[in-house]
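Good morning, and thank you for joining. I would like to take you through one model, beginning with a loop and ending with the ligand.

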Amino acid sequence: MPSPRRNIEGRPLVASASSSSSSSSPGSPAHGGSSRFEFQSLLSSRASGGDPTCARLRVSDSPVHRRGSFPLAGAVPSQAPPPPLPEEDRMDLNPSFLGIALRSLLAIDLWLSKKLGVCAGESSSWGSVRPLMKLLEISGHGIPWLLGTLYCLSRSDSWAGREVLMNLLFALLLDLLLVALLKGLVRRRRPAHNQMDMFVTLSVDKYSFPSGHATRAALVSRFILNHLVLAIPLRVLVVLWAFILGLSRVMLGRHNVTDVAFGFFWGYMQYSIVDYCWLSPHNAPLLFVLWN
Ligand SMILES: CC(C)=CCC/C(C)=C/CC/C(C)=C/CC/C(C)=C/COP(=O)(O)O
């Protein structure tokens, strides 16, 4: 027996017959019978006098049906309106433009991410570069950044240095918190081709949106460019590091392109929050006294 046709979400499509017979009984659509097919509207706006442009198409009103595609003998004129179908059996024939655009973007994202995931495994086309990508992964990991900042704080002997490092610590902790919140909220699974062999992870790191490495890369590089006096080549290197780190996330198969793109945006915005809440001996004297 052929399996029922399914809609885009994998749910069975049901064409309801207005006659009271079941779909497999003689005279029913499945038997080439004459019953009136209906794909019921989610809004049933025609019946309720709603906006006709939003109404989903009723097959009985469609040109195909009007031309008499089912001009079968023994047609029984419908008398009573058909019973409403359960919500999950209805077919939305008028998806919104935004819905189509989002689905298309998602499809491009998945396709591109799969194509770029050339270091996802040892046997992948660029599998030999994988160790280098994993080294890059550690360079953007939260632990080395947190420990490095704490170490520098402990060694710093100037107020100005301490202030910058204190704010870097605040930025890194804020980033961990906000990314964990977002990941827990969105719950997008990592790509299927990812191997979960990452260096120390938190429980939310089974989710991929947004990329924590990309947020950190954008946040830290903006922070460094704003607070360290660096020669131009070093400034270029900082930006390159952030960009290559983001790209490596997709190449390793850890993320889809949109996870990284949004991660860069989010990290960049997080710096604005840090800058706005800048901690100094004036607005957070206790913090600085306690550290001493
Ligand atoms: C040392 C101090 C002051 C606090 C420690 C706070 C803390 C809980 C640190 C955890 C660091 C950690 C395990 C971060 C996870 C980094 C990670 C794997 C992110 C995932 O990145 P993604 O790009 O794959 O999304």
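**The loop between α6 and α7**

P210 sits in the loop that runs between α6 and α7. Helices here are DSSP runs of H or I with at least four residues, strands are runs of E with at least two, and both are numbered from the N terminus. This is a predicted model, in which local features need pLDDT of at least 70, side-chain atom pairs count only at pLDDT 80 or more, and totals for chains, interfaces and linings use all residues. Residues are numbered from 1 along each chain as its sequence is written, and side-chain values use heavy atoms, with hydrogens and water left out.

The peptide bond joining F209 and P210 is cis, with omega at about -5 degrees. The loop between α6 and α7 also holds R187. R187 is not a glycine, yet its phi is positive, at about 55 degrees.

Which elements each supply at least two residues of the shell around the ligand? They are α5 (142-155), α6 (159-186) and α7 (212-227). In total, 19 residues surround the ligand, and the closest are K183, R190, G212, H213 and R249; to be near, a residue must have a heavy atom within 4 Å. The shell comprises eight nonpolar, six polar and five charged residues, where Ala, Val, Leu, Ile, Met, Phe, Trp, Tyr, Cys and Pro count as nonpolar, Asp, Glu, Lys and Arg as charged, and the others, Gly among them, as polar.

Let me turn to polar contacts, meaning pairs of N or O atoms within 3.5 Å. A polar backbone atom of G212 is 2.8 Å from an oxygen atom of the ligand. For R190, a polar side-chain atom lies 2.9 Å from a ligand oxygen atom, and for H255 the corresponding side-chain distance to a ligand oxygen atom is 3.0 Å. Of the 690 Å² of accessible area that the ligand has on its own, the protein covers 77%, by the Shrake-Rupley method with a 1.4 Å probe.

Finally, confidence. The model scores ipTM 0.89 and pTM 0.70. Mean pLDDT, the predictor's confidence in each residue from 0 to 100, is 79 for the protein, and 69% of its residues reach 70 or more. Over residues 1-76 the pLDDT is below 50.

Note on methods:
A polar contact is a pair of N or O atoms within 3.5 Å; within protein, one must be able to donate a hydrogen and the other to accept it, and residues adjacent in sequence count only if both atoms are side-chain atoms. Contact means heavy atoms within 4.5 Å.
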